[in-house]
Protein chains: 4
Amino acid sequence: MSPEVKTPDPARRSERSRQAILRATRELVSEVGYAKLSIEAIATRAGVGKQTIYRWWRSKGAVVFDSFLALSEGADGMALPDTGDIAADLKAVLRATVAEFADPAFEAPIRALNLEIAGDPELAAQYRKKLAGPVDEAKKERLRSAQRAGQIAADADLDLALELLYAPLYQRWLLRSGPLTAAYADALVDHALRALRP
Amino acid sequence: MSPEVKTPDPARRSERSRQAILRATRELVSEVGYAKLSIEAIATRAGVGKQTIYRWWRSKGAVVFDSFLALSEGADGMALPDTGDIAADLKAVLRATVAEFADPAFEAPIRALNLEIAGDPELAAQYRKKLAGPVDEAKKERLRSAQRAGQIAADADLDLALELLYAPLYQRWLLRSGPLTAAYADALVDHALRALRP
Amino acid sequence: MSPEVKTPDPARRSERSRQAILRATRELVSEVGYAKLSIEAIATRAGVGKQTIYRWWRSKGAVVFDSFLALSEGADGMALPDTGDIAADLKAVLRATVAEFADPAFEAPIRALNLEIAGDPELAAQYRKKLAGPVDEAKKERLRSAQRAGQIAADADLDLALELLYAPLYQRWLLRSGPLTAAYADALVDHALRALRP
Amino acid sequence: MSPEVKTPDPARRSERSRQAILRATRELVSEVGYAKLSIEAIATRAGVGKQTIYRWWRSKGAVVFDSFLALSEGADGMALPDTGDIAADLKAVLRATVAEFADPAFEAPIRALNLEIAGDPELAAQYRKKLAGPVDEAKKERLRSAQRAGQIAADADLDLALELLYAPLYQRWLLRSGPLTAAYADALVDHALRALRP
DNA sequence: CGCTAAACGAGACGGTACGTCGGGTCTTAGT
DNA sequence: ACTAAGACCCGACGTACCGTCTCGTTTAGCG
C-alpha cells in the first residue's frame with residue numbers, strides 16, 4: 001500500500017556510535033584527505049559496523065558534512081565586531097579569514113567540505129541553511145549597521161555586497177590563483193566599500 | 001643523482017590513441033559525470049589498453065583536464081569586444097558567461113574540471129597556465145584599454161579587478177548560492193566599475 | 001606473539017558459493033584446460049565475487065584440488081576385489097586404470113591435478129592425505145591378504161610394492177613415453193609379483 | 001599460392017643473443033621458479049628484444065627446454081659403468097640419481113622441466129628424442145651386457161626393465177611421496193633384478 | 001666495398017588476468 | 001530493535017605480461 005521505505009527509528013539511535021563516527025571522520029579527513037577517505041576506514045576507526053553508517057547517512061559526503069556541522073554546533077551567537085568603523089571592522093574579519101585559510105590544519109578539511117558541497121546540490125542546500133546561513137546573517141547585520149550609519153548605500157543589495165567582499169578571497173583560495181595576504185584583505189575591503197558607497 | 005624514473009618516449013606515442021582517449025573522456029564525463037567516470041570505461045570506449053592511459057597520464061583528473069585542454073586548442077585569438085563603452089562591453093561578456101553556466105551541457109563538464117582543479121595543486125597550476133591565463137590576459141587587455149580611456153583608475157590592480165567582476169559569479173555558480181541572471185551580471189559590472197573608478 | 005593474520009570465520013561461509021565455485025572449476029578445467037583456467041573465469045561462471053575465492057583458497061591450484069576432492073567425497077569404502085588370486089585381481093585393477101588414463105574425459109583434469117601437485121609441496125601433502133592415502137591403503141590391504149595367502153613375501157615393503165606396480169604405469173602416462181595397453185598392465189603385474197615372491 | 005608463412009633465416013641468427021637468452025632463462029628458473037618465469041624477464045635479463053625470443057621459440061616451455069638441452073650438449077659418450085656385477089653397477093647409478101634429486105640446486109630446474117614436458121606433448125616428444133633417448137639407450141646397453149652375462153633374462157623387455165628401476169624413484173621424487181635414500185635405491189635394484197632374473 | 005634485406009634492441013600497443021580495495025547489501029549474534 | 005562484525009556480489013583499481021606491431025640500428029651476404 002504505502003511505499004514502505006524502511007526508515008530507522010531515530011529514537012533508538014546510538015549517540016555513542018554517532019559521535020564516534022563523526023570523530024573518526026574528522027580525524028581521517030585530516031590524515032588522508034577527502035579523496036582517499038573511505039566508509040570502510042571510518043567504520044573501522046570508529047569501531048562501528050558499516051551498516052550503522054549507511055543507515056543514518058546517504059553518502060560519504062553527508063558524513064563529512066555532518067562531521068563539520070557537529071564542530072560548529074553551539075558556536076552560534078557569532079556577531080561581528082562593531083566599532084562604528086565599518087572599514088576597520090571588515091578588514092579585521094577578512095584578515096582573520098585569510099589567516100584561517102593559510103593554516104594547513106584548516107586547509108585540508110575545509111577544502112574537502114567545499115569540494116563536497118560543490119559536487120552535491122543537496123548538501124549545498126544544507127550547507128547554506130546550517131552553516132553559511134547564520135554566518136552570512138551575522139555579516140549582513142554588521143552591514144545593516146553600516147547602512148544606518150550612512151557608510152553604505154541604504155538600498156545596497158547585501159547578498160551582492162557579501163559576494164564582493166568574500167568571493168574574490170574564496171576564489172583565490174580555492175583555485176590557488178594568487179597570494180592571500182593581509183594587504184589583499186585590506187584592498188578587497190577598500191574596493192568593496194567604494195562600490196557600496198551611498 | 002637523478003630519480004631515474006623510467007619515462008616513456010613521447011616520439012613513439014600513438015596520436016590515434018591519444019585522440020581516442022580524450023574524445024572518450026569527454027563523452028563519458030557528459031554521460032555519467034565526473035565522479036562515476038572510470039579509467040576502465042575510458043579505455044574500453046576508446047578501444048585502448050588501460051596501460052596506455054597510465055603510461056601518459058598520472059591520474060584520472062589529468063586525463064579529464066587534457067580532454068578539456070584539447071577542446072580549447074586553436075581557440076586562441078580571443079580578444080574581447082571593444083566598443084569604447086567598458087560597462088556595455090563587460091555586461092555583454094558577463095551575460096554570456098551567465099548563459100554558459102546555465103546551459104546544462106556545459107555545466108557538468110565545467111564543474112568536473114573545477115572540482116578536479118580545486119583538489120589538485122599541480123593541475124591547478126597547469127590550468128592557470130594553459131586555460132585561465134590566456135583568457136585572463138585578454139580580459140585585462142580590455143581593462144587596460146578602459147584605463148587609457150580614463151574609465152578605470154590608471155593604477156588599478158587588474159588581477160583584483162578581474163576578481164571583483166568574476167569571483168562573485170563563479171562562487172554563486174559553484175556553490176549554487178543564488179540565481180544567475182542577466183540582471184545580476186549587470187549589477188556586478190556596475191559595482192565593480194564603481195570600485196575601480198579613477 | 002601470533003602472526004595475527006586475519007582469518008575468515010568458517011562458520012559464516014556460504015555453502016552455496018562454495019559449491020558453485022567447485023562446480024564451475026570442474027567445468028572450466030574440462031572446457032579450457034588447466035593452463036588457461038583463470039580465477040576471473042571461475043568467479044564469473046560461479047556468479048561469485050573474486051574476493052570470495054581469494055578469501056577461502058590460497059591459489060588457483062588449491063581450488064582445482066578442492067574441486068577434485070569434492071568429487072571423491074563419499075566414494076570411500078573402496079576395497080579391491082579379492083578372489084584369492086592376487087595376480088588376476090591386480091591385473092583387473094591395473095587394466096581398469098589403463099582404461100581410465102586412455103579416456104580423454106579423464107585425461108585432462110587428472111593431468112591438471114598432477115601438475116598442480118607436482119609443483120606445490122603443500123598441495124602434495126594434502127593430496128597424499130586426502131586422496132592417495134585411502135586408495136593406497138585399500139591396495140595395501142589386498143596385498144596383505146596375499147601375504148597371508150603366501151603369494152607375496154611376508155616381509156615385503158608394501159609401499160615399494162605399490163610403486164613397483166603403479167609407478168611405471170604412472171610415468172608412461174605422465175610423460176607419454178610409451179603405449180598403455182592391457183598387455184602392458186599384465187606384464188607389470190607379472191614382473192612385480194615375481195619381485196615380491198616369498 | 002603457398003602458405004607464405006614468413007620463416008626466419010637461421011643463417012642470420014645471432015648466436016650471441018641465443019646464448020644470452022638460454023643463460024638468462026637458466027638463471028631465472030633457478031631464481032624465481034618456473035611458474036613465475038616470464039618472457040619479459042628473460043628478454044630484459046638477456047638484453048634482448050622480446051621479438052627475438054618469439055621469433056625462435058614457440059612458447060616459454062620451448063625456451064626452458066632448450067636452455068636445458070644446451071647444458072647437456074657435448075655430454076654424450078655417457079656409457080654406464082660395467083664391472084660385470086650388474087647389481088653393484090645399477091646401485092651406484094641409482095644412488096647417484098638419488099643424490100642429484102636431493103640437491104636443491106638441481107631440484108628446481110629439473111622439476112620445471114618435468115612439469116613442462118608433462119603438460120606439452122610436443123615438448124615431450126622432443127625430450128624423449130634429445131634428452132631421455134640417449135640416456136636410456138646407454139642404460140639399455142648395460143642391461144644387454146647383463147643379459148649376455150646371464151644375469152638378466154635374455155628375452156626381458158628392456159623398456160619395462162628401465163621403468164621398473166627408475167619409475168618408482170621418479171614418482172617418489174615428483175610427488176614427494178616418500179624419502180629418497182641410498183637404501184631405497186638398493187632395494188629398488190634388488191627387486192627389479194629379481195623380477196628380471198632368467 | 002657498398003647495398004640491401006633481415007635480424008636485432010627497444011618499447012608502445014590492445015588485451016587478459018592478476019590480487020586488492022572499497023561500495024553497498026545482507027545475515028548472524030549479541031546486547 | 002539496533003548494533004558490531006563481517007561475508008557477500010560487484011566494479012574498479014593499478015600492475016604484470018602476453019603476443020603483435022612498429023621503430024631506428026646493426027650486421028651479414030651478394031653483387
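How many residue pairs are in polar contact between chain B and chain A? The count is 14 residue pairs, both residues at pLDDT 80 or more; a polar contact is a pair of N or O atoms within 3.5 Å, where within protein one atom must be able to donate a hydrogen and the other to accept it, and residues adjacent in sequence count only if both atoms are side-chain atoms.

The model is predicted: local features need pLDDT of at least 70, side-chain atom pairs count only at pLDDT 80 or more, and totals for chains, interfaces and linings use all residues. Residues are numbered from 1 along each chain as its sequence is written, chains are lettered from A and ligands numbered from 1 in the order in which they are written, and side-chain values use heavy atoms, with hydrogens and water left out.

**View 1. The rotation axis relating chain B and chain A.** The superposition is by least squares on the C-alpha atoms of residues with pLDDT of at least 70 in both copies. The same surface serves both copies, as 100% of the contact residues of chain B recur in chain A; contact means heavy atoms within 4.5 Å.

**View 2. The interface of chain B and chain A.** Chain B and chain A each give 31 residues to the contact. Between them the two chains bury about 2900 Å², with 63% of this area on carbon and sulfur atoms. Buried area is the accessible area (1.4 Å probe) that two parts lose on being put together, summed over both. E163(B), L175(B) and R176(B) supply 20% of the area that chain B buries against chain A, more than any other three residues. Two salt bridges are counted between the chains, a salt bridge being a side-chain nitrogen of Lys or Arg within 4 Å of a carboxyl oxygen of Asp or Glu. R172(B) pairs with E163(A) in a salt bridge whose closest N and O atoms are 2.6 Å apart.

**View 3. Helices on the side of chain B that touches chain A.** Two or more residues of this side come from each of α6 (104-119), α7 (121-148), α8 (158-175) and α9 (182-196) of chain B. Helices (H or I, at least four residues) and strands (E, at least two) are DSSP runs, numbered from the N terminus. With 11 residues, α8(B) gives the most to this side. By class, the side of chain B that touches chain A has 17 nonpolar, five polar and nine charged residues. Here Ala, Val, Leu, Ile, Met, Phe, Trp, Tyr, Cys and Pro count as nonpolar, Asp, Glu, Lys and Arg as charged, and the others, Gly among them, as polar.

**View 4. The pair formed by chain C and chain D.** Chain C is laid on chain D by a turn of 179° and a shift of 0.0 Å along the axis, with an RMSD of 0.3 Å. The C-alpha of A195(C) is the nearest to the axis in chain C, 2.3 Å from it. In the contact, 31 residues of chain C meet 31 residues of chain D. About 2900 Å² is buried between chain C and chain D, of which carbon and sulfur atoms give 63%. Two salt bridges cross this interface, including one between the side chains of R172(C) and E163(D) (2.6 Å, N to O). There are 14 residue pairs in polar contact between chain C and chain D, both residues at pLDDT 80 or more. Helices α6 (104-119), α7 (121-148), α8 (158-175) and α9 (182-196) of chain C each supply at least two residues of the side that touches chain D, and the largest share, 11 residues, comes from α8(C).

**View 5. Domain 1 and domain 2 of chain A.** The domain assignment, which is automatic or from a database, gives domain 1 (10-63) and domain 2 (86-196) in chain A. Their centres, taken over C-alpha atoms, are separated by 30 Å. Six residues from domain 1 of chain A and six residues from domain 2 of chain A make the contact. The two domains of chain A bury about 560 Å² between them, 57% of it on carbon and sulfur atoms. V29(A), Y34(A) and R58(A) supply 69% of the area that domain 1 buries against domain 2, more than any other three residues. R58(A) also forms a salt bridge with E122(A), with the closest N and O atoms 3.4 Å apart.
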